[in-house]
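Please go through the following report with the sequence and the model open side by side.

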Amino acid sequence: MNPAIRVTCVADADGRLTFGLPLPAPDSAHLLLKARPRKGVPDPAARRLPLEDAGDGRALAVLEPLPALEEGRWDAFLVREPGTEPQQLTSGPLDLRVLVDGARIDRPSPVAVRIPYRALDGFLAVRAWLRPAHAEAGPIEVGDKATAVTARLHGTELGEEAVVRLRGRRSREERTLSPSVDADGRGFRFTVDHADLTGVAVRYWDVHVLPTPDAAPVRVGRVLDDVADRKHSFVYAAAPDGGQLVRPYYTVDNDLSFEVTDAG
């Protein structure tokens with residue numbers, strides 16, 4: 001069995017990811033990024049990155065901004081020779097400083113995002129999002145009766161009749177809100193009254209914005225920084241309403257939703 005290999009990764013301002021392996025570049029070896037299997041997708045996608053000798057005892061592999069990775073989670077492997085079993089790579093230091101303020105840059109369509117991260121098992125992975133448009137959530141203020149959300153749209157603009165829609169998961173229940181839109185047609189704010197989400201048999205409400213009445217809904221979430229998984233690291237207070245508790249939260253895909261539970 002080959003010893004574990006700790007890989008470094010550096011993100012640059014152009015969207016490029018550079019992986020560093022602590023070994024000389026073996027002949028015909030490459031770094032393999034393999035998408036995790038998804039339901040209904042029998043053959044996961046893969047991306048092969050050639051290794052180059054860095055001249056300092058390391059091998060480098062570069063993931064260019066284009067073509068974009070398909071949305072999902074990608075695990076990193078070293079393939080030493082054609083036909084050999086890929087060796088999964090352990091995560092070393094990740095330099096993601098340029099990603100921290102990524103939400104300040106307006107993104108064209110499609111919105112493509114890649115965030116390297118250390119998985120729970122210690123292996124290196126990359127979380128990728130690829131969407132025609134994206135609404136990046138900013139500050140979220142939970143009050144006694146309502147929650148106020150500030151967001152910014154990427155990949156398109158908001159029209160005069162834009163609406164925010166909260167849809168009950170596995171339900172036909174919907175709530176629509178009229179957002180306050182900035183002059184540039186990108187920034188917007190909306191307020192969710194907690195009482196509008198309680199008293200019905202819906203536990204989860206997913207948040208979308210419709211830039212125009214006939215446009216495809218755009219999911220509201222937060223992906224334009226260096227945090228691959230927000231669900232357990234960004235936890236908001238729950239506000240009581242009518243014997244129930246309402247709280248905003250991020251899903252496993254970093255999308256914004258609301259959860260309603262019984263107070264007892």
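## Cavities and strand residues

The largest cavity has a lining of 11 residues, of which A35, R36, R38, A45 and E70 lie nearest its centre. This is a predicted model, in which local features need pLDDT of at least 70 and side-chain atom pairs count only at pLDDT 80 or more, while totals for chains, interfaces and linings use all residues. Residues are numbered from 1 along each chain as its sequence is written, and side-chain values use heavy atoms, with hydrogens and water left out.

A cavity here is a set of points, on a 1 Å grid over the protein atoms alone, where a 1.4 Å probe fits but cannot get out, and its lining residues have an atom within 4 Å of a point. Grid points are joined across faces, edges and corners, and a volume is the space filled by probe spheres set on the points. Searching the whole structure gives two cavities of 30 Å³ or more, which the table sets out with their linings, where Ala, Val, Leu, Ile, Met, Phe, Trp, Tyr, Cys and Pro count as nonpolar, Asp, Glu, Lys and Arg as charged, and the others, Gly among them, as polar.

| Cavity | Volume | Lining residues by class |
|---|---|---|
| Largest cavity | about 70 Å³ | six nonpolar, one polar, four charged |
| Second largest cavity | about 40 Å³ | four nonpolar, no polar, three charged |

The second largest cavity is lined by L166, R175, L177, V192, D193, D196 and L197. Strand 15 (174-177) and strand 17 (187-193) are the elements that give two or more residues to this lining; strands are DSSP runs (E, at least two residues), numbered from the N terminus.

R36, named above for the largest cavity, also makes a polar contact through its side chain with the side chain of D75, at 3.0 Å; such a contact is a pair of N or O atoms within 3.5 Å, one able to donate a hydrogen and the other to accept it. D75 is found in strand 7 (residues 72-79) and is buried, with a relative accessible area of 12%, where buried means under 20% (1.4 Å probe, protein chains only). L78 lies in strand 7 and is likewise buried, at 0% relative accessible area. L78 and D196, the latter from the lining of the second largest cavity, are 118 residues apart in sequence and 51 Å apart in space, C-alpha to C-alpha.

Strand 3 (residues 30-35) and strand 4 pair in the antiparallel sense over five bridges, pairing being assigned if DSSP finds at least two bridges. L31 stands opposite L49 in strand 4.

How values were computed: Helices (H or I, at least four residues) and strands (E, at least two) are DSSP runs, numbered from the N terminus. Buried means under 20% relative accessible area, exposed over 50%, partly exposed in between (1.4 Å probe, protein chains only). On a 1 Å grid over the protein atoms alone, a cavity is a set of points where a 1.4 Å probe fits but cannot get out, and a pocket is an open set with protein on both sides within 12 Å along at least five of seven lines; lining residues have an atom within 4 Å of a point.
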